[in-house]
Amino acid sequence: MERDNIRAKLREILELALGAKAQEILKNCSDSSDLVSDLGLNSVGILYVVIGIEEIFSISFENACFGDFKTVGDVIDYIEKKTV
Amino acid sequence: MIDTEKIFKGFTDEQTFAKIIDFDSVSQMWQNSVSLYPENVAIVDEGCSITYAELENEVALLRGLLLKQGVKQGDLVGIYAPNSLFFVKSYLAITTIGACALLLPTHLDKTVVFGCCMKFGVKALFYDESLKDNVSLIVDQKVNIALFDNNAKGEEKAMALSVAPASPSTVIFTGGTTGKSKGALLSNQAVIRGAKNGCYGIKEVFEQKLFLVLPLTHVFGLIRNLLSSLYTGSALYICRNNKNMFKEIAEFRPTTLVLVPALAEMALNLSKQFKRNMLGDSVKTIICGAATVAPYLAKEYDKFGITLFPGYGLTESANLVSGNPIPLEDATSVGFIYPGIDYKVVDDELWIKGINVMDKYLGDDEENDSAFEDGYFKTGDLVKINEDGMLYIIGRKKEIIVLSSGENVYPAEIENKIYEIDTVQDCLVYEYGQQLYLEILPRMEVVKALAIENLQSHYEERVAEINKTLAPHERIGKIIVRDTDFVRSPAMKILRGKNGKR
């Protein structure tokens, strides 16, 4: 799957996880944005994102731990590899 | 005092209600379940199902191991393991010989694990091999604590012993939302009464299929999820990783979930996002508690054919104090106080007495002195009870805002009114600069559905209506619409002291 396509779908999931004012937070979101310190994802927010990614991209994180991903770009890299 | 046993009886058929009985101890309850339901599946963990009879065989070997090590009734034995069959076997082995299980949360580091074991005089410790590094201090210091990992297995079986009702069974750590960490010592009769209370008010409660996502070191996970499951001859599926919960729910098809509100909310939002019920069609009941349950959750889940029962409890009361069997009639109440709990309301604070109440905080005399009065445990929760006996939580004692005018404001009481706004997911009221601030985390799916463009003015209009119903000193002065979640405790409660302007 193309990177831009992945980014767009990931954004949809982040909107759900971030809830209020997601648009405002995501306005300045880039691949280098930190999932916790820039986007403010908490433990339930991260659970939303993980479940959302698995559902939308039909992939499994298997042994990968979401805590291993620091930035949005890290997540996109992982999805890109898994959807080749 | 209202006879709530009679009330709860009305929600269950007579045959089921007759099975909700008292036991002296975890040991007696467990022996009863093994005898009544030997072929029922007791636990499903990592693809492995084990029946009550099979589980008893494995527990009997661990009992033999403990007795061989010289563990006696009343001794403390630690469990330091994630949710697993190993945790369950260890807990049953410890309690069915009359020893007391000290439940150590897995996030504790090796210094704290060592410190707890030394401070409380632990005789033995069951630990998961994945946490081996965190028991290294116990090994290095050569202290006299027997260590058993997942591979530990006794050579000879030992029978479950007769255990006195008042003898200690479990120590659970609790911090509440603001306090320091304390170990609540619960007797055998306390945890069994808690498990029994979990059976009230629900039509289908025996021989069900339950699903575990909450930590077993938390009172809600241990008592309402594990012990109520074993009490009722039900099967308990252990979900090792919450990210897999929906897939595993689809495979196991549970009938009953025990959830904190944040997880119930998440399942609802994802169901709406993906336009299918993420919980599938097997779930009929959600037991929801451990934090404030927003009233809309019961109504929303009803649309999926699922009854969400809000409840109220504390670690110090072996979890279950009250349950609401009529959430669709009044979702703002935490229900009726369970039978056998003596209570009174003193200056709006709920005081409780009964066999479900803890004996004491272990090794914390200062806290014990202030926790009890006249034999009652002072819950710290400010409540109202209506003429029908329905209980409403209006705040925490420590959460009272005393205004410079000397007037008291109960923020939770105002928050309960704010929660009735359908676009509010969570909220917090606090005082800053001599006025009351309200921070709101919006429910975005409703905001989107209603196409609300200006959230600030939307909330200002709605809160202005609520302000009209409040006394002048209780009225909200400023509203802040949050774009990030509140800082929360591990149980997902909003931490008052760590949110808001200070």
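**View 1. Leu428(B) and its bridge partner in strand 25 of chain B.** In this predicted model, Leu428(B) is bridged to Glu439(B) in strand 25 of chain B. Strand 24 (residues 424-432) and strand 25 (residues 435-442) of chain B are joined by 8 bridges and run antiparallel. Glu439(B) also has a bridge partner in strand 26 of chain B, namely Ile480(B).

**View 2. Strand 25 and strand 26 of chain B.** Strand 25 of chain B runs parallel to strand 26 (residues 476-481) of chain B, and 5 bridges join the two. Tyr437(B) has Lys478(B) as its bridge partner in strand 26 of chain B. Glu439(B) is partnered in strand 26 of chain B by Ile480(B). Strands of a sheet pair through backbone hydrogen bonds, in either a parallel or an antiparallel manner.

**View 3. Helix 4 and helix 5 of chain B.** The axes of helix 4 (residues 52-68) and helix 5 (residues 85-95) of chain B cross at roughly 55° and come within 8 Å. Because of that angle, helix 4 of chain B is oblique to helix 5 of chain B. The crossing of helix 4 of chain B with helix 5 of chain B is right-handed. Helix 4 of chain B contributes Glu58(B), Val59(B), Leu62(B), Arg63(B) and Leu66(B), which meet Lys89(B), Ser90(B), Leu92(B), Ala93(B) and Ile94(B) of helix 5 of chain B. By class, this contact has 6 nonpolar, 1 polar and 3 charged residues.

**View 4. The side of chain A that touches chain B.** In the contact between the chains, 17 residues of chain A meet 20 residues of chain B. Helix 2 (22-27) and helix 3 (43-57) of chain A each supply at least two residues of this side of chain A. Helix 3 of chain A gives the largest share, 7 residues. The residues on this side of chain A comprise 10 nonpolar, 4 polar and 3 charged. The model has an ipTM of 0.83 and a pTM of 0.83. For chain B, the mean pLDDT is 91, and 97% of the residues reach 70 or more.

**View 5. Helix 3 of chain A against helix 11 of chain B.** Helix 3 of chain A packs with helix 11 (residues 261-273) of chain B at an angle of about 30°, and the axes are 11 Å apart. The two helices are therefore roughly parallel. Helix 3 of chain A passes helix 11 of chain B in a right-handed crossing. Val44(A), Leu47(A), Tyr48(A) and Ile51(A) of helix 3 of chain A meet Ala262(B), Met266(B) and Leu270(B) of helix 11 of chain B. This contact has 7 nonpolar residues, no polar and no charged residues.

Terms used
Residues are numbered from 1 along each chain as its sequence is written. Chains are lettered from A and ligands numbered from 1 in the order in which they are written. This is a predicted model: local features need pLDDT of at least 70, side-chain atom pairs count only at pLDDT 80 or more; totals for chains, interfaces and linings use all residues. Two residues are in contact if their C-beta atoms, placed from the backbone, lie within 7 Å. Helices (H or I, at least four residues) and strands (E, at least two) are DSSP runs, numbered from the N terminus. Ala, Val, Leu, Ile, Met, Phe, Trp, Tyr, Cys and Pro count as nonpolar, Asp, Glu, Lys and Arg as charged, and the others, Gly among them, as polar. Axes are lines fitted to C-alpha atoms, for helices over the stretch in contact, and angles run from 0 to 180 degrees between N-to-C directions. Angles under 35 degrees count as roughly parallel, over 145 as roughly antiparallel, 65 to 115 as roughly perpendicular and the rest as oblique. A crossing is left-handed if the near helix is turned anticlockwise from the far one by less than a right angle, and right-handed if clockwise. pLDDT is the predictor's confidence in each residue, from 0 to 100. Two strands pair if DSSP finds at least two bridges between them.
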